[in-house]
Amino acid sequence: MQTKAADQKGQAVHKRVEDVLLYINGKFVDAENRITFENINPFTNQVNNLVAEGRRDDMDKAVAAANKAFKQGPWGTMKVAQRMKYINRIADLIDEEVEEIAILESLDTGLPISQTRNMVARAAENFRFYAKMVEIKLHGESYPVDGEFINYTLYKPLGVVGLITPWNAPFMLETWKVAPALATGNTVILKPGELSPLTANKLAEIIDKAGLPNGVFNVVHGLGETAGARLVEHPDVRAISFTGETTTGSTIIKNSADSLKKTSMELGGKSPLIVFDDADLHRALDAAIWGIFSFNGERCTSNARVFVHKNIKDQFVSALKERVANIKIGDPMDTSTELGPLIGKEHFDKVKGYIELAKEEGCEVVQGVVPEEVKAGNFVPPTLLLNARNDMKVCQEEIFGPVMAVIEFETEDEVIAAANDVKYGLAGFVWTNDMKRGHRVAHAVEAGMLWINAQNVRDLRIPFGGTKASGIGREGGHYAIFEFYTEPKVIHVAIGEHHIPQFGKVNK
Ligand code: NAD
């Protein structure tokens, strides 16, 4: 796929790109019924390309190919070092095409190119990391039993796994799943978010070029209710790893029950960032701003609720206002842009609706200004909801845009109670120079991931995921390969003459 999205000065520009097909059994193919849907560029609101819309038949073909590839091998049974050569080759090929992939990602999502470049580079590391992890760490245990047995475990791939991903940060989120799934020997069907399908096909091109056997990796585009739903119910799919909205996760769990699938759920969030009055305010400010306005605010771990101690609130809020007024809003292809357009009109309307609701609920709304020349895009300026209360709807529901609610607090107990008074539990951030308090608060906040005096820095070895309505299970190093993409199998070996009951024997 060529974007041809660079002008003569090498500046990336917005152009229509090639249509996107399905990738099934090592071939790029049209959907069975040849139906397509339009993929819209969030900056221009023009059509980027058409996308083959896979439905039930296409999903069935992909699952059959993946099942055959798993059962007939050699993917799951080849020597580990050989399989990891393929995985490392994928990483090298991503590295060779970082710029091309970043351009596609920005065209598709509206994310600023300065941010998509970093994400793509990290995606290559996802493959390298899991190649190392599987080669070194994926071994079983042995259990010698009283000189009579040696029992040992193997960690076996599951078979065909379905990976269902959202439209935000697609390439990075897809590779978080694809890399461990393939490295552990499974075969894969990826069902990307329908609003950002481009880089999934770039990944398919790369995997094709890396020479993986046919059927090991497949991409089926389509809608959630059709393509996604078929993947979830298909009897030959062993597991579904899902990232997306909490309500969709719940539907998927229900729909996967009849075929008894293993599921992993990475869902929504409404994460708190707590600033105490002894914190390093400059760093806390940088982190609070980056945490909600990077990735256009379309980020599951964003600090959508910022709790600021009463003693420093005025100072902190006035610094926030100044920074928000200066955030550079513009063309995602411009390397100086800090905030781009939201993914689509529907989402844009949803986020705007929440800003109107915030006014009705009594917040003071302070926003940056969208430049006149980019008005065609789905731009919501960086927005502060001041004088917010945690019980407001805008503090309870996931807005998933560049909107930060600022809530004042006075005591540690009060802020912990408020931080936890929400259905979500994905991430949390604590800013204080009192380390005892930092740990205390981090222990008490109900979330899967807490950062003390730090922004959302991810190390691939740590467990990634949330509690409460933010998820079930964890992704990341050890957790992905042992707890999700493989299952233990035990082999019992008798090494002595253990007792065997002698039923039916006349002279016992
Ligand atoms: P979504 O739930 O609407 O869609 C996600 C994926 O599920 C898409 O591919 C969609 O086609 C598919 N889908 C929809 N209905 C389905 C069904 N019935 N059966 C099978 N598949 C179905 O989410 P979205 O709007 O694309 O993404 C935004 C959401 O994702 C936000 O809530 C965000 O917080 C969450 N998210 C969570 C994490 C995390 O790690 N916890 C990371 C990124 C995004």
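Helix 7 (224-233), strand 10 (239-243) and helix 8 (246-255) each contribute at least two residues to the shell around the ligand; helices (H or I, at least four residues) and strands (E, at least two) are DSSP runs, numbered from the N terminus. Helix 7 contributes the most, with 4 residues.

This is a predicted model, in which local features need pLDDT of at least 70 and side-chain atom pairs pLDDT 80 or more, while totals for chains, interfaces and linings use all residues. Residues are numbered from 1 along each chain as its sequence is written, and side-chain values use heavy atoms, with hydrogens and water left out.

Which residues come nearest to the ligand? Of the 28 around it, they are Lys191, Glu194, Thr248, Leu267 and Glu398, where near means a heavy atom within 4 Å.

I turn to polar contacts, which are pairs of N or O atoms within 3.5 Å. In the side chain of glutamate 194, an N or O atom is 2.6 Å from an oxygen atom of the ligand. For tryptophan 167, a polar side-chain atom lies 2.9 Å from a ligand oxygen atom, and for glutamate 266 the distance is 3.5 Å. The protein covers 91% of the 850 Å² of accessible area that the ligand has on its own, by the Shrake-Rupley method with a 1.4 Å probe.

Finally, where does the ligand lie? Domain 1 (22-267 + 470-491) and domain 2 (272-452) both give residues to its shell, so the ligand lies between them; the domain bounds come from an automatic or database assignment.

Notes: Polar contact = N/O pair within 3.5 Å; in protein donor to acceptor, adjacent residues only side chain to side chain.
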